[in-house]
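Look over the sequence and the fold below.

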Amino acid sequence: MANSEIFIATAADMTLAFSSIGPAFTFIQDSHADLNPEGAVLMLAGAPATASAVKASYRRTLDFTAAGADGASRVAAAQSALDGALQACELVGVDPNNVSKVAELQVALDNARMLVDAPADAVELSITRMTLHKRGYKRS
């Protein structure tokens, strides 16, 4: 029998199970909007949490935090600049490790991530990926 995955979404004192990550992330976004201070931005691993970032992650547990909008916009801008520099290096055929601007942008991204702070009254949100083991049975 094939195994499948379920996604356990936890927000404050609510825990729900979902069959796919999309609805689980929607639940997290809705809970974030309801439970965290106005103006807070949902963050995943130090970057703004987007549907594509959540779906692309292979981590077993996704821990979300809330951050001020200003810090989140700095992280997003630094990440965008770094992504553009990496694409330019790939297009030209240059190793990004040999380009000083890429190193500068990486430092800028790391600095922006360190400045992101969660509000004191922010609620912890998470999605846990779990394998559901299906049991086989014999027909008599």
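The questions below go from the whole chain to single residues.

This is a predicted model, where local features need pLDDT of at least 70, side-chain atom pairs count only at pLDDT 80 or more, and totals for chains, interfaces and linings use all residues. Residues are numbered from 1 along each chain as its sequence is written, and side-chain values use heavy atoms, with hydrogens and water left out.

Q: In what order do the elements of the protein run from the N terminus on?
A: Helices (H or I, at least four residues) and strands (E, at least two) are DSSP runs, numbered from the N terminus. The protein has 4 helices and 6 strands. Their order is β-β-α-β-β-α-β-α-α-β.

Q: What percentage of the 140 residues in the protein is buried?
A: Buried means under 20% relative accessible area, exposed over 50%, and partly exposed in between (1.4 Å probe, protein chains only). Of the 140 residues, the buried ones make up 30%.

Q: What share of the accessible surface belongs to carbon and sulfur atoms?
A: Accessible areas come from the Shrake-Rupley method with a 1.4 Å probe; for residues, only the protein chains shown count as cover. The total for the protein is about 9000 Å². Carbon and sulfur atoms account for 55%.

Q: Among contacts between residues at least 6 apart in sequence, what percentage joins residues at least 24 apart?
A: Contact means heavy atoms within 4.5 Å. Count the pairs at least 6 apart, then those at least 24 apart. The latter make up 67%.

Q: Which residues does Ser126 touch, not counting residues up to four places away in sequence?
A: Ser126 sits in strand β6 (residues 125-132). Ser126 counts as buried because its relative accessibility is 14%. Leaving out residues up to four places away, its partners are Ile8, Ala9, Thr10, Ile28, Leu62, Asp63 and Phe64.

Q: Which residue meets Arg129 in a salt bridge?
A: A salt bridge is a side-chain nitrogen of Lys or Arg within 4 Å of a carboxyl oxygen of Asp or Glu. By this rule there are 2. For Arg129 the N to O distance is 3.5 Å, and the partner is Glu5.

Q: How many residues apart are Arg129 and Glu5?
A: The salt bridge joins the side chains of Arg129 and Glu5. This pair links distant parts of the chain, strand β6 and strand β1 (residues 4-11). Arg129 is buried because its relative accessibility is 18%, while Glu5 at 36% is partly exposed.

Q: Which helix holds both Glu104 and Lys101?
A: These two form a salt bridge, with the closest N and O atoms 3.8 Å apart. Glu104 is partly exposed at 47%, and Lys101 is partly exposed at 47%. They lie 3 residues apart, about one turn of the helix, in α4.

Q: Is Leu109 buried or exposed?
A: Leu109 belongs to helix α4. It touches Val75, Ala78, Gln79 and Leu82, not counting residues up to four places away in sequence. The C-alpha atoms of Leu109 and Leu82 are 7.9 Å apart, across 27 residues of chain. Because its relative accessibility is 2%, Leu109 counts as buried.

Q: Which element gives the largest share of the lining of the largest pocket?
A: On a 1 Å grid over the protein atoms alone, a pocket is an open set of points where a 1.4 Å probe fits, with protein on both sides within 12 Å along at least five of seven lines; lining residues have an atom within 4 Å of a point. The space in the largest pocket is about 220 Å³, a volume being the space filled by probe spheres set on grid points joined across faces, edges and corners. Its lining includes Ala47, Pro48, Ala76, Gln79 and Asp83. The largest share, 3 residues, is from α3.
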